[in-house]
Amino acid sequence: MPEAWWKERVFYQVYPRSFQDSNGDGIGDLRGIISRLDYLKSLGVGAVWLCPVYDSPNADMGYDIRDYEKIMTEFGTMEDFDELLHELHSRDIKLVMDLVVNHSSDEHRWFAESRSSRDNPYRDYYIWRDGKDGREPNNWASFFTPSAWSYDEGTGQWYLHLFSEKQPDLNWENPSVREEVYAMMNRWFDRGVDGFRMDVITVIAKAPELPDGTGAPGSGGYVFSPEHFAFQPKLHEYLREMRRRCFNGRNCMCVGETSFVTTENANSLVGDGRELDLLFQFDIMDMDGEGSKWNAIPLDVPKLKQIIAAWQGAIDWNTLFLGNHDQPRVVSRFGDTSSCELWKRSAKCLATLMYLQRGTPFIYQGEELGMTNAPFETREQLRDVEELNLLALCKGETELERAWRGIKAKGRDNARTPMQWSAGKNAGFTTGEPWIMLNPNYTWINAEAEEGDPDSVLNYYRALIALRNGTPALLRGDWRELLPESEQVVAYARELESEEYTVLCNLSGEIAELPFTLSEFGEPVLSNMPSDPTAATLCPYQALVLKRS
Ligand code: TEU
Ligand code: CA
């Protein structure tokens, strides 16, 4: 039996707005992506996760969909999309679409109907409630605004939005909503797409009575209440129905953005019932926040190791990632950018420790170049609704300063600056005015420069991906932790039949002592710096993969 394709391929996440502009309007587009497919092929990726390209007013950069079956005008046409799909497939690269069905845009036709009157047939496509004593129906906080409710003057009721007020939540209790969603997904499958990344899929079912949250009140006294909207019993019913109606009988995959997943509940999604093929867990992404995403606590290697071991133990097949379009740049966050040497070495070290685990790698665009956080200084430079809302809520200088510290370290715009293709005008991203500022370091961090440098982060990613793609033990082997006590080194073995590989990564800025010499684990097959086989130490951020022969 061949393994499922989504286990054996490396995924690459494209954020279309910032990947490549083809017509000089400063906005990345589908034709731009088409022009860069040979680059993706040369990296060794086998699947693309494409962030939303549907028609959208971009209140949340495409995560607010106005029409699920139209391409955003700025990105191109349906013909461009078909060509992109065809060009990907002719290179043996699969296409996984990003789909947002917890909510739509408030400009979606369904919502326009829904808010037009209380007895409109679409009223029940969204979640409408009467207020309580002139206030919101309950105390829920939203991810992006203080309250999760907005009042509609026209019909005198409130609608629920877990994200911005321009992202009303769809009512999954309504069978017509589910039918519309499944039919739309099937039309995309019939077009030829290979799967979906389902946005915040674990919050689609809400506790029927929408009870008040009981946690600690945040801004405006509202309470963030995932106990009433994440992992509700009905979630599993809906996902099984979706599986039956859309995925069964197709060689397609589904990866869920499973906010609030834990090692305890994960198998309810990807275990034997197989509601999803893969899930994204956020334990690593949340580990430096301690309760608030805006905190930036320095990397705690033992904690990272616990998370990795817990997840490798909890489910049969993980997703392996260090960032995405919602996260800061990985090398700025968990690596060391204090010198050119350490920037390069730590970027390679992080990739090695993550992508050779058991699971499917997801690389976020630009990561393979070692792209870093951007030096945003003013509100005018920011584009992200989450960052702008955070600043809008600040009262006084101290709050503003704290917010800016958070935005610089953790803001989503860090990952959304344009791809750095060359040292030329606008990094080769656009001939026009880019929609968001470029990271000024494109003059030396860029694909063209790295292409010609055998020691570059880019060429290391290529070697790493090629190694994984060509090695059965790294694809399918068991995962076993080594050196669990080490506070600096992430180490593990991958084994399949008689093949054994050892991965050793010193994720600290100090030399790490090892209880063995490197040669005991065989011959090096990949490393980010020269190594002495008789040594029993690893240099700062040294990464080494050894093969036992
Ligand atoms: O993100 C959902 C999510 O769980 C948020 O907490 C996310 O971590 C957010 O970026 C907070 O920093 C998804 C998408 O990936 C994101 O881009 C969207 O804004 C969001 O859903 C709403 O659709
Ligand atoms: Ca464009």
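A nonpolar core is a set of buried Ala, Val, Leu, Ile, Met, Phe, Trp, Tyr and Cys residues joined through side-chain atoms within 4.5 Å. With that in hand, welcome to this structure, which is a predicted model.

**The nonpolar cores**

- The largest nonpolar core holds 170 residues, and those touching the most other members are Tyr12, Leu50, Phe81, Met97, Met185, Trp188 and Phe196.
- Helix H12, which covers residues 340-355, gives the most to this core, with nine residues.

**Around ligand 1**

- Ligand 1 is surrounded by 18 residues, of which Asp60, Asp199, Lys293, Asp326 and Arg412 are the closest.
- By type, the shell around ligand 1 consists of nine charged, five nonpolar and four polar residues.

**Polar contacts with ligand 1**

- The side chain of lysine 293 has an N or O atom 2.7 Å from an oxygen atom of ligand 1.
- For histidine 103, a polar side-chain atom sits 2.9 Å from an oxygen atom of the ligand.
- Glutamate 257 has a side-chain N or O atom 3.0 Å from an oxygen atom of ligand 1.
- On its own, ligand 1 has 490 Å² of accessible area, and the protein covers 92% of that.

How values were computed
Residues numbered from 1 in each chain as written. Chains lettered and ligands numbered in written order. Predicted model: local features only at pLDDT ≥ 70, side-chain atom pairs only at ≥ 80, totals over all residues. Heavy atoms only, no water. Near = heavy atom within 4 Å. Polar contact = N/O pair within 3.5 Å; in protein donor to acceptor, adjacent residues only side chain to side chain. Areas by Shrake-Rupley, 256 points an atom, 1.4 Å probe, with all protein chains shown as cover. Nonpolar A, V, L, I, M, F, W, Y, C, P; charged D, E, K, R; others polar. Buried < 20%, exposed > 50% of the residue type's maximum accessible area, 1.4 Å probe, protein only. Helix = DSSP H or I, 4+ residues; strand = E, 2+ residues; numbered from the N terminus.
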